Amino acid sequence: MKRERIIYWSLTCAISFFMLFSAYYSGTHATEFANMGFPNYFRIELTTAKVIGAVALLFPQVPVRIKEWIYVAFSINLFSAFLAKLNTGYPVIGVIEPLTVLALLIWFASYLHKLELQKA
């Protein structure tokens, strides 16, 4: 139980850090966002949602159901980033990066359920 809890919190901190960095990057690189064809208001909304989701994952008091939906929202965001980068001529490493993080996110989410099953 203790091992899974350590792994879960380590992975949660990692995904929260990545999303906070992603929010910072999208918040400060408006021209790259515009080059992908997105309006400025969407960049602001996306940045705000990433910050709220990343911070909410770090609070143990947040219900598991909410955390699941945060993972779903991050998954949609990462897949959308993959498609946007694929269609705008990003280098291969830039296109693969969101898919790599998405795969890790799915693995992280499995630890959320392992902990919940062990609590019951």
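The model is predicted: local features need pLDDT of at least 70, side-chain atom pairs count only at pLDDT 80 or more, and totals for chains, interfaces and linings use all residues. Residues are numbered from 1 along each chain as its sequence is written, and side-chain values use heavy atoms, with hydrogens and water left out.

**Exercise 1. Describe the largest nonpolar core.**

Step 1. Define the set. A nonpolar core joins buried Ala, Val, Leu, Ile, Met, Phe, Trp, Tyr and Cys residues through side-chain atoms within 4.5 Å.

Step 2. Read off the core. The largest has 19 residues, and I15, L57, Y71, F74, L78 and L105 have the most contacts inside it.

Step 3. Assign the elements. Two or more residues come from each of α1, α3 (40-57), α4 (64-87) and α5 (92-119). The most come from α5, with seven residues.

Step 4. Look at L57. Its partners, not counting residues up to four places away in sequence, include W9, I15, S16, Y71 and F74.

**Exercise 2. Describe how α1 packs on α4.**

Step 1. Take the geometry. The angle is about 45 degrees and the axes are 13 Å apart. Axes are lines fitted to C-alpha atoms, for helices over the stretch in contact, and angles run from 0 to 180 degrees between N-to-C directions.

Step 2. Classify. Angles under 35 degrees count as roughly parallel, over 145 as roughly antiparallel, 65 to 115 as roughly perpendicular and the rest as oblique. Therefore α1 is oblique to α4.

Step 3. Name the contact. From α1 come Y8, W9, T12, I15, F18 and M19; from α4 come K67, Y71, F74, N77 and L78.

**Exercise 3. Give the angle and axis distance for α3 and α4, then the contact residues.**

Step 1. The angle is about 140 degrees, with the axes of α3 and α4 10 Å apart.

Step 2. α3 supplies L46, K50, G53, A54, A56 and L57, and α4 supplies K67, I70, Y71, F74 and N77.

Conventions
Buried means under 20% relative accessible area, exposed over 50%, partly exposed in between (1.4 Å probe, protein chains only). Helices (H or I, at least four residues) and strands (E, at least two) are DSSP runs, numbered from the N terminus. Contact means heavy atoms within 4.5 Å.
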